[in-house]
Amino acid sequence: MKIGIGNDHVAVDMKNEIKTYLESKGYEIIDFGTNSEERFDYPIAGEAVAKAVISNEVDLGILICGTGVGISLSANKVHGIRAVVCSEPYTAKLSREHNNTNILAFGARVIGIELAKMIVDNWLAAEFEGGRHQSRIDMIVQIENNQL
């Protein structure tokens with residue numbers, strides 16, 4: 001599986017640790033973030049990862065900024081993206097099972113690295129259940145297409 005990862009200047013260390021962690025598990029990582037602690041605007045990385053997901057350059061995306069909020073908002077502006085901010089594993093798991101999220105975001109200033117790894121593991125292990133959840137995804141797509 002190929003995962004796109006992006007970050008701003010606040011999240012360089014966490015991004016690098018998550019990247020190394022995922023590579024050790026056999027994932028191929030494409031890095032769209034910065035490795036500099038000089039100011040780097042999170043919308044750049046959010047959009048880059050989102051576009052990579054939509055174009056199938058990568059299968060899924062992971063975004064990290066100070067809180068995860070700004071970078072996920074940026075990604076969610078790309079048509080077809082369902083990015084979720086998670087600070088614990090249960091929501092990450094259910095976001096995939098129920099909402100078919102394609103990007104996970106979290107905050108380097110909010111959670112520690114071991115919790116980040118648990119969140120990533122739970123998110124990646126979960127699969128969309130379809131069924132009753134598909135009609136809700138369809139409604140989200142209708143909203144996105146201004147048709148609801």
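Modeller: Helices (H or I, at least four residues) and strands (E, at least two) are DSSP runs, numbered from the N terminus. This is a predicted model, where local features need pLDDT of at least 70, side-chain atom pairs count only at pLDDT 80 or more, and totals for chains, interfaces and linings use all residues. Residues are numbered from 1 along each chain as its sequence is written, and side-chain values use heavy atoms, with hydrogens and water left out.

Colleague: How do you know that strand 1 and strand 3 pair?

Modeller: Set the count against the cut-off: strand 1 (residues 2–7) and strand 3 share 5 bridges, and at least two are needed. Their pairing is parallel. Within it, Ile 3 has Leu 60 as its bridge partner, and Ile 5 has Ile 62.

Colleague: What makes strand 5 a partner of strand 3 and of strand 4?

Modeller: Bridges again. Strand 3 (residues 60–65) is joined to strand 5 by 5 of them, running parallel; there Ile 64 sits opposite Phe 106 and Leu 63 opposite Ala 105. Strand 4 (residues 83–85) has 3 bridges to strand 5, also parallel, with Val 85 opposite Ala 105.

Colleague: Why are strand 2 and strand 4 said to stand at the edges?

Modeller: Look at the order: 5 strands make an open, parallel sheet, arranged 2-1-3-5-4. Strand 2 (28–31) and strand 4 each have a single partner strand, so one side of each lacks a neighbour in the sheet. From one strand to the next, the twist averages 25°.

Colleague: What packs on the sheet?

Modeller: Helix 3 (residues 69–76) does, touching strand 1, strand 3, strand 4 and strand 5, and its direction makes about 140° with that of strand 3. Helix 5 (residues 113–125) lies across strand 1, strand 3, strand 4 and strand 5, at about 165° to strand 5. Axes are lines fitted to C-alpha atoms, for helices over the stretch in contact, and angles run from 0 to 180 degrees between N-to-C directions.

Colleague: Why is strand 5 called largely enclosed?

Modeller: Buried means under 20% relative accessible area (exposed is over 50%, partly exposed in between, with a 1.4 Å probe and protein chains only). In strand 5 (residues 103–107), 5 of the 5 residues are buried, so the rest of the structure largely encloses it. One side has Ile 103, Ala 105 and Gly 107, the other Leu 104 and Phe 106. Strand 3 is mostly covered too, with 6 of its 6 residues buried.

Colleague: How do you know whether Leu 22 is buried or exposed?

Modeller: Leu 22, in helix 1 (residues 12–24), has 0% relative accessibility, so it counts as buried. Beyond its neighbours within four places in sequence, its contacts (heavy atoms within 4.5 Å) are Ile 3, Tyr 27, Ile 29, Ile 62, Val 120 and Leu 124.

Colleague: And what is the angle between helix 4 and helix 6 called?

Modeller: The axes of helix 4 (residues 89–99) and helix 6 (residues 132–144) come within 8 Å and cross at roughly 85°. Angles under 35 degrees count as roughly parallel, over 145 as roughly antiparallel, 65 to 115 as roughly perpendicular and the rest as oblique. That makes helix 4 roughly perpendicular to helix 6. Glu 97, His 98 and Asn 99 of helix 4 meet Arg 132, His 133 and Ile 137 of helix 6.
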